[in-house]
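Keep the sequence at hand as you read.

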Amino acid sequence: MSSKLKKEIFEWVKTIAVALVLAAIITSVVAPTIVSGESMYPTLKDKDYLFVNKLSYKTKDPKRGDIIVFKTDLVDYESGKKKDLVKRVIALPGEHLVIKDNQVIIDGKVLKEDYIHDAYTDGDIDIIVPENHIFAMGDNRPNSGDSRQANLGPINEDEIIGKVVVRLYPFNTIGTVK
């Protein structure tokens with residue numbers, strides 16, 4: 001084998017190794033996800049392609065209003081795999097949350113929610129959010145499976161994958177997500 005060929009092979013191996021290291025670093029920091037359904041309408045739409053910051057909550061706690069992706073035990077009927085959900089943080093650990101008369105009340109104050117679709121939130125909830133948990137709901141309340149349902153309930157903070165930071169697709173809506 002000629003030294004020129006050895007040098008060429010070494011350059012290819014080096015390039016591939018650098019690409020693999022960069023890919024590993026990037027995937028440990030961000031994760032792509034695709035919105036499935038209309039539960040976050042009008043903020044997010046079906047098939048929106050998002051980047052999730054996986055390091056967001058390593059050094060700080062979730063805040064009310066953050067849009068997060070989290071793991072669930074719910075199963076996707078098509079794939080048979082457990083589903084990750086995209087929802088908005090509504091109540092934080094230790095807060096008293098009441099949902100009644102189509103209003104969300106936290107620690108006695110009505111939550112102002114300019115981002116929701118329709119002007120009401122159905123449900124009859126009266127809980128203290130457990131420590132290390134958050135209460136999350138979709139922005140399209142009538143069409144959202146979220147913490148209001150018994151099969152989901154408050155979300156353990158350990159199940160949070162990260163905070164949605166950027167929408168990449170469709171291209172006419174590229175930008176940060178709030």
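Is Asp46 buried, exposed or partly exposed? Asp46 is partly exposed, with a relative accessible area of 30%; buried means under 20% relative accessible area, exposed over 50% and partly exposed in between, with a 1.4 Å probe and protein chains only. Before going on, please note that this is a predicted model, in which local features need pLDDT of at least 70 and side-chain atom pairs count only at pLDDT 80 or more, while totals for chains, interfaces and linings use all residues. Residues are numbered from 1 along each chain as its sequence is written, and side-chain values use heavy atoms, with hydrogens and water left out.

**Charged pairs**

Asp46 meets Lys47 in a salt bridge, that is, a side-chain nitrogen of Lys or Arg within 4 Å of a carboxyl oxygen of Asp or Glu. Lys47 is exposed, at 53% relative accessible area. The count comes to 11 salt bridges, among them these:

| Pair | N to O distance |
|---|---|
| Asp46 and Lys47 | 3.7 Å |
| Arg88 and Asp139 | 2.8 Å |
| Arg148 and Asp122 | 2.6 Å |

The side chains of Arg88 and Asp139 meet in a salt bridge. Because Arg88 lies in strand β4 and Asp139 in the loop between β9 (133-137) and β10 (155-156), this pair ties together parts that are 51 residues apart in sequence. Strands here are DSSP runs (E, at least two residues), as are helices (H or I, at least four), numbered from the N terminus. Both partners are covered: Arg88 is buried at 2% relative accessibility, and Asp139 is buried at 0%.

Arg148 forms a salt bridge with Asp122. This pair links Arg148, in the loop between β9 and β10, to Asp122, in the loop between β7 and β8, 26 residues apart. Arg148 is buried at 12%, whereas Asp122 is partly exposed at 37%. Asp146 joins the two in a network of salt bridges.

Ser39 sits in the loop between β1 (30-34) and β2 (49-53) and is buried, with a relative accessible area of 13%. Its contacts (heavy atoms within 4.5 Å), not counting residues up to four places away in sequence, include Asp139, Val86 and Lys87.

Leu85 belongs to strand β4 (residues 82-91) and is buried, at 12% relative accessible area. Leu85 touches Ile68, Val69, Phe70, Thr72, Leu74, Gly145 and Leu152, leaving aside residues up to four places away in sequence.

**Rings**

How many aromatic pairs are there? The count comes to 2, where rings of Phe, Tyr and Trp (its six-membered ring) pair if their centres lie within 6.5 Å; planes under 30 degrees apart count as stacked, over 60 as edge-to-face and the rest as tilted. Tyr49 and Phe51 have ring centres 6.3 Å apart and planes at 55 degrees, so this pair is tilted. For Tyr169 and Phe171 the centres are 5.2 Å apart and the planes at 90 degrees, so that pair is edge-to-face. Tyr169 is partly exposed at 41%, while Phe171 is exposed at 63%.

**An open sheet**

Finally, 4 strands form an open sheet in the order β7-β6-β5-β8, with antiparallel pairing; two strands pair if DSSP finds at least two bridges between them. The edge strands, β7 (109-110) and β8 (125-128), each pair on one side only. Strand β5 (residues 96-100) is joined to β8 by 4 bridges, and Val98 stands opposite Asp126 in β8.
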